[in-house]
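Me: I'd like to go through this one term by term. Can you help me tie each label to its definition?

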Amino acid sequence: MTGHDALRTRPPEALTEEEAAAELAALAAEIAHHDRAYHEKDAPEVSDAEYDALVRRNQAIEGRFPELIRGDSPSRRVGSKPVEGFATVRHGVPMLSLGNVFDEAEFAEFCARIRRFLGLPAEEPLRFVGEPKIDGLSVNLLYEDGRFVRGATRGDGTTGEDITANLRTLRDLPDRLEGIAPRSIEIRGEVFMEKAEFLAFNAKQAALVEEQARRAAAGERIGERARVFANPRNAAAGSLRQLDPKITAGRPLKLFAYAMGAASEAPAATHWDWLGVLRGWSFAVNPLSRLLPDAEAAAAFQAEMTAERAGLGYDIDGVVYKLDRLDWQARLGFVGRAPRWAVAWKFPAEQATTTLLKIEIQVGRTGALTPRAVMQPVNVGGVMVQHATLHNEDEIARKDVRVGDTVVIQRAGDVIPQVVSVVPEKRPEDSAPFAFPETCPACGSHAVRPPGEVVRRCTGGLICPAQTVERLKHFVSRNAMDIEGLGEENIQKLYDEGLVRSPADIFRLSRHAERMRGWEGWGSRSKKGTEESRKVANLLAAIEARRRPPLDRFIFALGIRRIGEVNAKLLARHYHSFAEWREKMLAARVIGSEAREELGSIQGIGPTIAEALVEFFGEERNLAALDDLAGEAPPEPVAAPAAADGPFAGKTVVFTGSLETMTRDEAGDVAERLGAKVAKSVSKRTDFVVVGADAGSKATKAAELGVRVLTEAEWRGMAGLG
Ligand SMILES: NC(=O)c1ccc[n+]([C@@H]2O[C@H](COP(=O)([O-])OP(=O)(O)OC[C@H]3O[C@@H](n4cnc5c(N)ncnc54)[C@H](O)[C@@H]3O)[C@@H](O)[C@H]2O)c1
Ligand SMILES: [Zn+2]
């Protein structure tokens, strides 16, 4: 705990003016940081409950020391600045935030303030409209002469991001207002994602992330990175703020309309009637919204929504209460960043304490080890919870979570429950810090964690059951062994039937031909001579055709971390035969060995790639599977690149400086394919030096030695890259 956190637990009355000023400064910085993470990056670092606690602490201190309120106080700001890449839109009327209340007493205070301001007697009932507060992204929709002309995010409240094209992809957004519409009107509402849609969408994103991680590990270049979102709100915001509206169109977004901004004429006198007008214009209005005759009805509605919350299709974090009379709203106006006439009555964060029974380690399809808490089942806000995420090894250490601990878990809008903290006073005496396993629970192979990465991974790629199917799919894929007819579905079937457990098994399938013909769709109930009855024969023939794979494809097919096609080629060309490669890799396991140095000296093979190879060969069981495979499908040595004719055939080329259109490794690969040798340093035997930006001494040396120097454009031209 930092000294600052310690201060925070003291009531504001107990602070000196100096302490209060210091804490306000720290809070301003911290809240601004979280605002950026949440609003600009859609990637919050703390839960909403934790964030709200900071905001309330700030309010409490400001309430006690009003003269210390800072110019950049979080109580004066809304959201965050629009991000770059979007045009900005100035809202006709600012889009603000909402004040919060957490219980009946605070709600009563809110009502009392309204009465005081309007000079209403205590008997005068306050009529409200209650609307579930969906956790989404508010948008401002401008209609002119009944046509949708522009849509924007809230941004910092005054200016937002222009997301018109993205909004047009929403099915819930009418392009035209039917019937009579004002000349100009701003309509406001919430864009959100339903829970089930969010889960399905995020699962797809998670698979994409894994896939990209695997491809990146294999040395492939990845375009835009996929990401998983912390909650539906961030997913909706991230989806809506895409520079490419086609991406938005593919996301399951919904819209509920609920407010009015600037308008050339007022279409209603009460908020409730206004919702009716919106419905008439065929906007979706939340059907749970309700007209509440007085504060007691509001409190009853709050209780009702608290009970119904868990069963709703979308996340809500409270209920918004708006004074129904628009003339009163106009008189009340705004204070700071929120209207005086509306408030968000938030639900308490859904937390519960229970006992941690076990920390389970799950192995993902790419070998990632992820920890999961198994707990004594407990009711959290109406839902029974037994599992919670522990994120990763570092998180467990940071929170010092131990088996047997009493833990606080939370479902604060987030769909996957999290372990927030442990209750140290309740820790059993004999407890020990959790030791994250260094072997894979699925296969027993070493699990390693490369420096700088948070994820520990199983190295038993070829034998780990958790990874087998994915590995096998990669093994047979087009750029690897390229076995026709052995797609993902068939691999899965062969795996499920127990016929294929390792790559070598594929080459032993002919032994099971009879059995395979018995499977439905594989030739059983089909007439002789049909496509289906030939399926098994075709498949076995396709496998036979790959029994002597070229070494580079063979190496790539193994799915070793960081060994993509390019690196596999480099290795195959360098070591020439399988036997040589295997022997040198085994020898390279020793740090400082000659073989290790040789590996490191190959142009294009850096230390992380060398490390990945050594890791793979360091696992005895990988070696057994590899030898088994090489016995069934012995790889063909790779001939030195054909000395084609052309400007680079048989020449020695050096690349220096940074190229704009490709990495040096990629350029080297191209040059080799054209029959050139790629060298690292310039000598008299060098034929060409290709110079990129910031080229250093090599360019100078080339000039001294009279070696021909090429610009990147000249090199591309000569290499036929256009
Ligand atoms: N975890 C973090 O790091 C982090 C950071 C910043 C903000 N937050 C969260 O964001 C929220 C605070 O941000 P805020 O300024 O948007 O305020 P707010 O969420 O308290 O209230 C304003 C917002 O409520 C939404 N809303 C939903 N239904 C509505 C309805 N029927 N009528 C009117 N508005 C409705 C609108 O989007 C509006 O902009 C809090 O929930 C906070 O916890 C979290
Ligand atoms: Zn494993």
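Me: Which helix or strand supplies the largest share of the shell around ligand 1?
Reply: That's α2, with four residues. A caveat before we go on: this is a predicted model, where local features need pLDDT of at least 70, side-chain atom pairs count only at pLDDT 80 or more, and totals for chains, interfaces and linings use all residues. Residues are numbered from 1 along each chain as its sequence is written, while chains are lettered from A and ligands numbered from 1 in the order in which they are written.

Me: What makes a residue part of that shell?
Reply: Its C-beta atom, placed from the backbone, has to lie within 6 Å of the molecule. By that rule 26 residues surround ligand 1, and Y38, P44, D48, S97 and S138 are the closest.

Me: How do the shell residues around ligand 1 divide into nonpolar, polar and charged?
Reply: Twelve are nonpolar, six polar and eight charged. Here Ala, Val, Leu, Ile, Met, Phe, Trp, Tyr, Cys and Pro count as nonpolar, Asp, Glu, Lys and Arg as charged, and the others, Gly among them, as polar.

Me: Why are β7 and β8 said to pair?
Reply: Two strands pair if DSSP finds at least two bridges between them. β7 (residues 184–192) and β8 have seven, in the antiparallel sense, so they pass.

Me: What makes β5 and β8 edge strands?
Reply: The open antiparallel sheet has four strands in the order β5-β4-β7-β8. β5 (147–153) and β8 each pair on one side only.

Me: How many bridges join β17 to β14, and how many to β18?
Reply: Five link β17 (residues 406–410) with β14 (residues 351–363), and four link β17 with β18 (residues 418–422). Both pairings are antiparallel. T354 sits opposite V407, and V408 opposite S421.

Me: Where does UniProt place the "binding site" feature?
Reply: The unreviewed entry puts it at C440, C443 and C464. These positions use the numbering here, feature names are shortened, and annotations may be inferred rather than shown by experiment.

Note on methods
Helix = DSSP H or I, 4+ residues; strand = E, 2+ residues; numbered from the N terminus.
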